[in-house]
Amino acid sequence: MASQYFFGTIDGSTINNQIEISSQEYNHCLDALNGISGLIENENLFIVVEMNYKELQSKIYGCHSRVAEFLQQDSHQLNMLHIDINRLVLNMLSAIRTFLDHKDTHLKRKFGKVSPALSLFEKEKKEAFDNNFEYRFISKLRNFSQHCGLPVESPEIKSFQNENFEVENQFNV
């Protein structure tokens with residue numbers, strides 16, 4: 001008995017508007033859905049990068065507003081803050097590298113190791129590295145943190161009197 005394939009819409013637990021399709025049409029739809037799933041997965045990895053960046057940014061901005069509080073803390077608490085900031089930076093650097101590595105692997109699997117799509121991706125990465133300080137810095141910082149040590153030194157927390165004789169606090173990463 002040959003398999004039958006149908007295309008329809010789902011409304012709750014009811015399947016509506018069913019039309020019979022051939023196995024070739026079914027396979028074509030399945031390929032399209034797999035392609036869309038791949039794009040969604042790639043987008044999810046980019047969202048992970050964004051989430052890590054926003055969490056790091058939020059932590060640093062939150063620290064700026066709590067400098068006076070930090071000046072009262074002991075060295076263990078400040079060390080924990082240092083570790084937490086490094087954790088967030090490492091997460092972001094790792095997410096960026098994971099995104100790029102997954103994109104590379106996806107293109108190799110989909111188009112082959114020698115393909116125009118992969119060549120274009122590699123060309124764009126090289127141009128981004130050569131022409132953007134930020135990309136170069138992040139790439140080298142990730143390599144440093146992967147092989148040498150924590151990417152961020154202890155934050156500088158200080159309090160001083162400004163030119164108007166007001167107490168000013170600073171938090172610098």
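User: What's the lining of the second largest pocket made of: how many nonpolar, polar and charged residues?
Analyst: Twelve nonpolar, one polar and no charged. Keep in mind that this is a predicted model.

User: Which residues lie nearest its centre?
Analyst: Tyr-53, Leu-56, Ile-60, Val-89 and Met-92. The lining of the second largest pocket has 13 residues in total.

User: Which element gives the most to that lining?
Analyst: Helix α1, with five residues. α1, α3 and α5 each supply at least two.

User: And how much space lies in the second largest pocket?
Analyst: About 240 Å³.

User: OK, now the largest pocket. How much space there?
Analyst: About 480 Å³. The largest pocket is lined by 18 residues. Closest to its centre are Ile-96, Leu-100, Tyr-135, Ile-138 and Ser-139.

User: Which elements give two or more residues to the lining of the largest pocket?
Analyst: α1, α3 (75-111), α4 (116-131) and α5 (133-147).

User: How does the lining of the largest pocket divide into nonpolar, polar and charged?
Analyst: Eleven nonpolar, two polar and five charged.

User: Speaking of charge, how many salt bridges does the structure hold?
Analyst: Seven. One of them joins Asp-84 to Arg-87, with the closest N and O atoms 2.7 Å apart.

User: Where do Asp-84 and Arg-87 lie?
Analyst: Both are in helix α3. They sit three residues apart, about one turn of the helix.

User: What does Arg-97 pair with?
Analyst: Asp-101. The closest N and O atoms of that salt bridge are 3.1 Å apart.

User: Why are Arg-97 and Asp-101 separated by about one helical turn?
Analyst: Because they are four residues apart in helix α3.

User: And how accessible are Arg-97 and Asp-101?
Analyst: Arg-97 has 35% relative accessibility, so it counts as partly exposed. Asp-101 is partly exposed too, with a relative accessible area of 34%.

User: What forms a salt bridge with Glu-127?
Analyst: Lys-123 does. The closest N and O atoms are 3.3 Å apart. Both residues lie in helix α4, four residues apart, about one turn of the helix.

User: Are Glu-127 and Lys-123 buried, partly exposed or exposed?
Analyst: Glu-127 is at 34% relative accessibility, so partly exposed. Lys-123 is at 46%, and it counts as partly exposed as well.

User: Switching to the surface. Which residues make the nonpolar patch?
Analyst: Leu-33, Ile-36 and Ile-40. The patch covers about 280 Å².

User: Where is Leu-33, and why does it count as exposed?
Analyst: Leu-33 is in helix α1 (residues 23-64). It counts as exposed because its relative accessibility is 51%, and the class needs over 50%.

User: Backbone next. What's phi at Asn-17?
Analyst: Near 50 degrees, a positive value in a residue other than glycine. Most residues other than glycine have a negative phi. Asn-17 is in strand β2 (residues 14-21). At 60% relative accessibility, Asn-17 counts as exposed.

User: What about Phe-165, what's its phi?
Analyst: Positive again, about 65 degrees, and Phe-165 is not a glycine.

User: Where is Phe-165 found?
Analyst: In the loop between β3 (156-161) and β4 (167-172). Phe-165 is exposed, with a relative accessible area of 66%.

User: Last one. Where is Ser-3?
Analyst: In the segment before β1 (5-11). Ser-3 is exposed, with a relative accessible area of 56%.

User: What separates the C-alpha atoms of Ser-3 and Thr-98?
Analyst: A distance of 40 Å. Along the chain, the two residues are 95 residues apart.

Key
Residues are numbered from 1 along each chain as its sequence is written. This is a predicted model: local features need pLDDT of at least 70, side-chain atom pairs count only at pLDDT 80 or more; totals for chains, interfaces and linings use all residues. Side-chain values use heavy atoms; hydrogens and water are left out. Patches are made of residues with over 30% relative accessible area and no salt bridge: like charges are joined within 9 Å, nonpolar side chains (Val, Leu, Ile, Met, Phe, Trp, Tyr) within 5 Å. Accessible areas come from the Shrake-Rupley method with a 1.4 Å probe; for residues, only the protein chains shown count as cover. A salt bridge is a side-chain nitrogen of Lys or Arg within 4 Å of a carboxyl oxygen of Asp or Glu. Buried means under 20% relative accessible area, exposed over 50%, partly exposed in between (1.4 Å probe, protein chains only). On a 1 Å grid over the protein atoms alone, a cavity is a set of points where a 1.4 Å probe fits but cannot get out, and a pocket is an open set with protein on both sides within 12 Å along at least five of seven lines; lining residues have an atom within 4 Å of a point. Grid points are joined across faces, edges and corners, and a volume is the space filled by probe spheres set on the points. Ala, Val, Leu, Ile, Met, Phe, Trp, Tyr, Cys and Pro count as nonpolar, Asp, Glu, Lys and Arg as charged, and the others, Gly among them, as polar.
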